[in-house]
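Open the model in your viewer and keep the sequence beside it. We will go from stop to stop, selecting as we go.

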Amino acid sequence: VLVFSIGVGIQQLGPEVAFIINGTNVTMDDMMYPIYEKESYYLPYDEMYQAYMGTSVWESSYQGSDSNVPSSVSNKIGIKQEILDNEEEYVVLYKEAVKAGYKLTSAEEKKAESQAKKAMKDLRKLFLQTDISQTGRKS
């Protein structure tokens, strides 16, 4: 929730540059979907994790898949680094694909558009759930 909240807050201020890779600006707008993906994966486990372990899943030892992140850091720190590493990889691969002349077919474009619409719908739901849980109100 923390990563998501920070992302939404920064996005409201405008498309801030989060970092630059080989001359390519990566903005918080670019980062919103990867942040959403990680949040939506870990968020359902957080309540159960707190009940059994007495701490948030975000404060537990890193459990992700990025081999560049040491397991001695918290999930909160490790997942942030994992998102950054994945975005760096994406930018590099995207530039190489453009340079090689790869393009999406019209079917791939339609599928991507459909997936983006679904992600935005799910993102709105997650945002509303976060707001409700922070105020203590139930629907």
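The expected span of a helix is 1.5 Å times one less than its number of residues. Keep that rule in mind for the first stop. Note too that this is a predicted model.

**Stop 1: helix 3**

Select residues 75-100. This is helix 3, with 26 residues. From its first C-alpha to its last, helix 3 reaches 36 Å, close to the 38 Å expected.

Now colour the buried positions. In helix 3 these are N75, G78, I79, E82, I83, D85, E87 and V91. Look at the spacing as you click through them. An α-helix has 3.6 residues a turn, so residues three or four places apart point the same way.

What do the buried residues of helix 3 pack against? Show strand 1 (17-21), strand 2 (24-27) and helix 2 (28-53): those are the partners.

Step just past the end of helix 3. There G101 takes a positive phi of about 85 degrees.

**Stop 2: where helix 2 meets helix 3**

Show the two helices together. Helix 2 and helix 3 pack with their axes 10 Å apart, at an angle of about 140 degrees. Are they parallel or oblique? Angles over 145 degrees would count as roughly antiparallel, and helix 2 and helix 3 are therefore oblique to each other. Their crossing is right-handed.

Select the residues that make the contact. From helix 2, take D30, M31, P34, I35, K38 and Y42. From helix 3, take N75, I79, E82, I83, L84 and E87. Colour them by class: the contact has seven nonpolar residues, one polar and four charged.

Some names return from the first stop. N75, I79, E82, I83 and E87 are among the buried residues of helix 3, and they are also part of the contact with helix 2.

**Stop 3: S74**

Move to the loop between helix 2 and helix 3 and select S74. Is S74 buried or exposed? Its relative accessibility is 13%, so S74 counts as buried.

Show its surroundings. Beyond its neighbours within four places in sequence, S74 is in contact with W58, E59, S60, S61 and Y62. S74 and V57 are 17 residues apart in sequence, and their C-alpha atoms are 8.7 Å apart in space.

**Stop 4: N22**

Finish in the loop between strand 1 and strand 2, where N22 is found. Most residues other than glycine have a negative phi. N22 is not a glycine, yet it has a positive phi of about 45 degrees. N22 is exposed, with a relative accessible area of 61%.

How values were computed: Residues numbered from 1 in each chain as written. Predicted model: local features only at pLDDT ≥ 70, side-chain atom pairs only at ≥ 80, totals over all residues. Heavy atoms only, no water. Helix = DSSP H or I, 4+ residues; strand = E, 2+ residues; numbered from the N terminus. Buried < 20%, exposed > 50% of the residue type's maximum accessible area, 1.4 Å probe, protein only. Contact = heavy atoms within 4.5 Å. Axes fitted to C-alpha atoms, helices over the stretch in contact; angles between N-to-C directions. Parallel < 35°, antiparallel > 145°, perpendicular 65-115°, else oblique. Left-handed = near helix turned anticlockwise from the far one by under 90°. Nonpolar A, V, L, I, M, F, W, Y, C, P; charged D, E, K, R; others polar.
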